[in-house]
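Biologist: Could we go through the helix packing in this model, and then look at a few individual residues?

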Amino acid sequence: MLSLFSFSEMDLDTGQLNIPYADKMTHFVFYLVFTFLGVFFVRERTKGNLKLRKAIGYVFFGAVAYGILIEALQYTLTVDRMAELGDVFANVLGAFVGIGLIQWLFSKKRPLKWKF
């Protein structure tokens with residue numbers, strides 16, 4: 001729910017470090033980690049009974065839906081925060097890369113010793 005909290009009262013900008021698109025990079029990294037760890041969580045909670053492909057699908061669509069919902073809530077419920085299509089794009093791209101990383105780690109070309 002910190003996505004709906006306004007940080008405008010806090011003086012976080014010291015003027016010493018200005019990183020272009022830092023907000024979009026943060027969205028990208030958050031959703032990459034969210035989907036990567038989410039697949040492990042879903043597989044662990046189902047004790048491996050849910051196939052990897054289904055777990056990936058559930059986590060990916062859940063992450064994308066969550067990102068869109070948060071942006072919609074920012075638009076409708078807050079005054080200081082604004083929804084941005086760029087944030088949604090960064091969320092989806094991060095989720096896609098997280099899922100791609102999972103698929104790459106557990107592919108037949110690069111198998112891990114751990115059965116997944």
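Biologist: In which helix is Gly100 found, and is Gly100 buried, partly exposed or exposed?

Modeller: Bear in mind that this is a predicted model. Gly100 is found in helix H3. Buried means under 20% relative accessible area and exposed means over 50%, so Gly100, with a relative accessible area of 32%, is partly exposed.

Biologist: What distance separates the C-alpha atoms of Gly100 and Phe36?

Modeller: Gly100 and Phe36 lie 64 residues apart along the chain. In the model, the separation of their C-alpha atoms is 8.9 Å.

Biologist: How are helix H2 and helix H3 oriented relative to each other, parallel or antiparallel?

Modeller: The axes of H2 (residues 52-77) and H3 (residues 85-105) come within 9 Å and cross at roughly 165 degrees. Angles over 145 degrees count as roughly antiparallel, and therefore H2 is, relative to H3, roughly antiparallel.

Biologist: Which handedness does the crossing of H2 and H3 have, and how many nonpolar residues are in their contact?

Modeller: The crossing in which H2 passes H3 is right-handed. Residues making the contact include Phe60, Ala63 and Glu71 of H2, together with Asp87, Val92 and Phe96 of H3. Sorted by class, the contact has three polar and two charged residues, while the number of nonpolar ones is 12.

Biologist: Is Asp87 buried or exposed, and which residues does Asp87 touch?

Modeller: Asp87 is found in helix H3. Its relative accessibility is 4%, and because buried means under 20%, Asp87 counts as buried. Leaving aside residues up to four places away in sequence, Asp87 touches Asp23, Lys24, His27 and Glu71.

How values were computed. Residues are numbered from 1 along each chain as its sequence is written. This is a predicted model: local features need pLDDT of at least 70, side-chain atom pairs count only at pLDDT 80 or more; totals for chains, interfaces and linings use all residues. Side-chain values use heavy atoms; hydrogens and water are left out. Axes are lines fitted to C-alpha atoms, for helices over the stretch in contact, and angles run from 0 to 180 degrees between N-to-C directions. Helices (H or I, at least four residues) and strands (E, at least two) are DSSP runs, numbered from the N terminus. Angles under 35 degrees count as roughly parallel, over 145 as roughly antiparallel, 65 to 115 as roughly perpendicular and the rest as oblique. A crossing is left-handed if the near helix is turned anticlockwise from the far one by less than a right angle, and right-handed if clockwise. Contact means heavy atoms within 4.5 Å. Ala, Val, Leu, Ile, Met, Phe, Trp, Tyr, Cys and Pro count as nonpolar, Asp, Glu, Lys and Arg as charged, and the others, Gly among them, as polar. Buried means under 20% relative accessible area, exposed over 50%, partly exposed in between (1.4 Å probe, protein chains only).
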